[in-house]
Amino acid sequence: MTVGGGAGGAPSAFDPKKIRMYGLVGSVVGIYLGAILNMALNTNVFSFVGAVAAIFAVVMGANSVRRICAYGIGTGVPSIGMLALGMGIIAVMFGLSVAETLGFGLLGPIITLVYAGVFGYIIGVLANKVIKFNIPVMEEGNADLSMAGAMAILGWSFAVSGNLGYFDIVKNVLMTGYIAIIFIAGGLAILHPFNANLGPDEKQDRTLVNAIMVSGIAMIATGIAAILTQGLAAGLLQLVIGFALWFYFFKMYYKLVKRDAAAVVGTGLLPPTVQ
Amino acid sequence: MNFDINTIVYILEILVGGLLVGIGVHFVPVGGAPAAMAQATGIGTGTVQLAAGSGLTGLLAAGLMMSVTDNLWLILASGAVGAGIMIGSTMLTGSWIYAYAVGAPFASAKVNYDPITGFSQPPYVAPGTVGQGIPTICFVSGLIGGMMGGLGGAMIYYPLYLINGNAALSAMFAIGIFLVNAVLASWNIQGTIEGFHDPKFKKWPFAFRACAIASILLALAAVLITGGA
């Protein structure tokens with residue numbers, strides 16, 4: 001029952017443990033860095049750091065989608081991306097709200113991360129033990145996915161609101177409805193790379209570069225939202241950086257596609273019809 | 001948030017809502033990619049998309065009803081009917097395409113006689129396929145599934161709104177709970193299902209157990225969040 005890159009785990013050049021470490025450290029440090037810079041300098045131009053931090057989480061999530069889906073889950077890759085975002089959004093709301101209630105607003109990302117990891121692991125155990133999937137990487141893969149979804153949503157929410165406080169995020173991201181854009185753009189960034197690249201010739205670097213490329217598009221979207229919530233300077237900076245990231249990684253992705261394709265030929269215009 | 005008898009009621013309501021979503025997914029005739037090519041019965045897309053579509057419509061219908069009344073039964077009915085209309089119109093317009101554009105006779109490959117109409121099915125199943133279109137039994141099953149999903153969505157949304165009083169927050173949180181339960185259930189189905197007459201339907205107790213555990217954990221997190229703005 002194999003859909004993707006072959007049973008027994010997809011071959012990978014980068015070790016999943018390393019990607020997980022970079023993803024977690026990069027996203028947490030990035031979100032805190034953006035929040036502290038914004039707070040210390042009393043500005044909001046550093047909101048874009050949150051969107052960059054989300055990219056680290058997205059790469060980790062895309063890699064774990066690739067690891068799980070290589071075994072074939074029978075319901076399509078999008079289902080697992082939606083699960084990641086579903087678990088993520090609950091973890092973000094829970095983490096930020098509990099941190100605010102406890103009086104330590106800055107602890108939010110840590111509580112979010114811990115809840116997401118534990119809940120994702122439990123979902124993985126349920127999938128293996130109760131639903132009887134018997135996919136060896138299900139538990140750690142789901143924990144990774146849940147943490148990646150949570151950190152991506154948190155990073156982009158910070159990029160839109162410019163502040164890590166629970167009330168600010170509820171007011172600027174949830175009540176305005178931008179959370180829906182973050183939800184779908186984030187879901188695409190995590191699920192689309194493997195969905196687009198799967199097959200016997202799937203290569204890890206191509207899939208992950210695709211993830212960064214889609215994150216760039218998501219960053220353009222959060223930039224437009226940030227123009228409306230934080231003003232022109234912060235939003236435009238984010239939009240331009242997002243566009244630059246998308247452009248650079250689109251070219252890199254195209255190069256990788258050409259590397260892996262048997263042949264790239266132009267079809268030209270529509271052929272003239274033969275009468 | 002202080003714990004009292006209401007908190008336990010909220011947790012139970014979210015649990016029942018999550019279970020309704022998880023079981024409701026099993027009723028929806030999901031065809032996936034084969035159905036999109038009219039080579040299998042059901043609607044030509046994945047479980048999660050259908051469940052999310054009907055559930056979110058139910059959520060919106062429930063939220064709209066909640067803005068004018070706080071009667072639980074009216075809100076639940078509105079959610080169920082909203083989701084039922086959504087899944088019903090999807091199946092109806094899908095049927096038009098299968099009937100008039102693809103030109104396939106509707107037939108189920110899982111039963112010999114349609115349990116509702118009593119019509120014979122095997123003569124109409126094209127060789128090499130597992131049925132086509134959306135036969136009556138699948139349509140009825142899909143309506144039941146959609147209404148269960150909408151009922152579940154409304155049942156999750158209602159206590160969340162009472163806990164934090166913030167419609168946007170409750171809706172997003174409800175979507176999260178909804179997606180987790182829908183994906184667990186769709187993993188249990190593993191691909192395609194025709195409805196309650198499909199042999200795969202007998203696997204529902206596994207999804208019931210998995211969704212129960214997941215919903216309890218989600219409900220415990222849900223009663224801790226505050227409204228914010």
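This is a predicted model: local features need pLDDT of at least 70, side-chain atom pairs count only at pLDDT 80 or more; totals for chains, interfaces and linings use all residues.
On the side of helix 3 of chain A, the contact involves Val77(A), Pro78(A), Ile80(A), Gly81(A), Met82(A), Ala84(A), Leu85(A) and Ile89(A), which meet Phe183(A), Gly186(A), Gly187(A), Ile190(A), Leu191(A), Phe194(A) and Asn195(A) of helix 7 of chain A. Classified by residue type, this contact of helix 3 with helix 7 of chain A comprises eleven nonpolar, four polar and no charged residues.

Between the chains, 33 residues of chain A are in contact with 33 residues of chain B. On the side of chain A that touches chain B, two or more residues each are given by helix 3, helix 4 and helix 6 (166-174) of chain A, and the largest share, 13 residues, comes from helix 3 of chain A. This side of chain A has 25 nonpolar, seven polar and one charged residues.

One helix pair that spans the two chains consists of helix 4 (residues 108-130) of chain A and helix 7 (residues 204-222) of chain B, which pack at an angle of about 170° with their axes 9 Å apart; helix 4 of chain A is therefore roughly antiparallel to helix 7 of chain B. Residues in this contact include Tyr115(A), Phe119(A) and Leu126(A) from helix 4 of chain A, and Phe206(B), Arg209(B) and Leu217(B) from helix 7 of chain B. By class, the contact of helix 4 of chain A with helix 7 of chain B has twelve nonpolar, no polar and one charged residues.

Notes:
Residues are numbered from 1 along each chain as its sequence is written. Chains are lettered from A and ligands numbered from 1 in the order in which they are written. Two residues are in contact if their C-beta atoms, placed from the backbone, lie within 7 Å. Helices (H or I, at least four residues) and strands (E, at least two) are DSSP runs, numbered from the N terminus. Ala, Val, Leu, Ile, Met, Phe, Trp, Tyr, Cys and Pro count as nonpolar, Asp, Glu, Lys and Arg as charged, and the others, Gly among them, as polar. Axes are lines fitted to C-alpha atoms, for helices over the stretch in contact, and angles run from 0 to 180 degrees between N-to-C directions. Angles under 35 degrees count as roughly parallel, over 145 as roughly antiparallel, 65 to 115 as roughly perpendicular and the rest as oblique.
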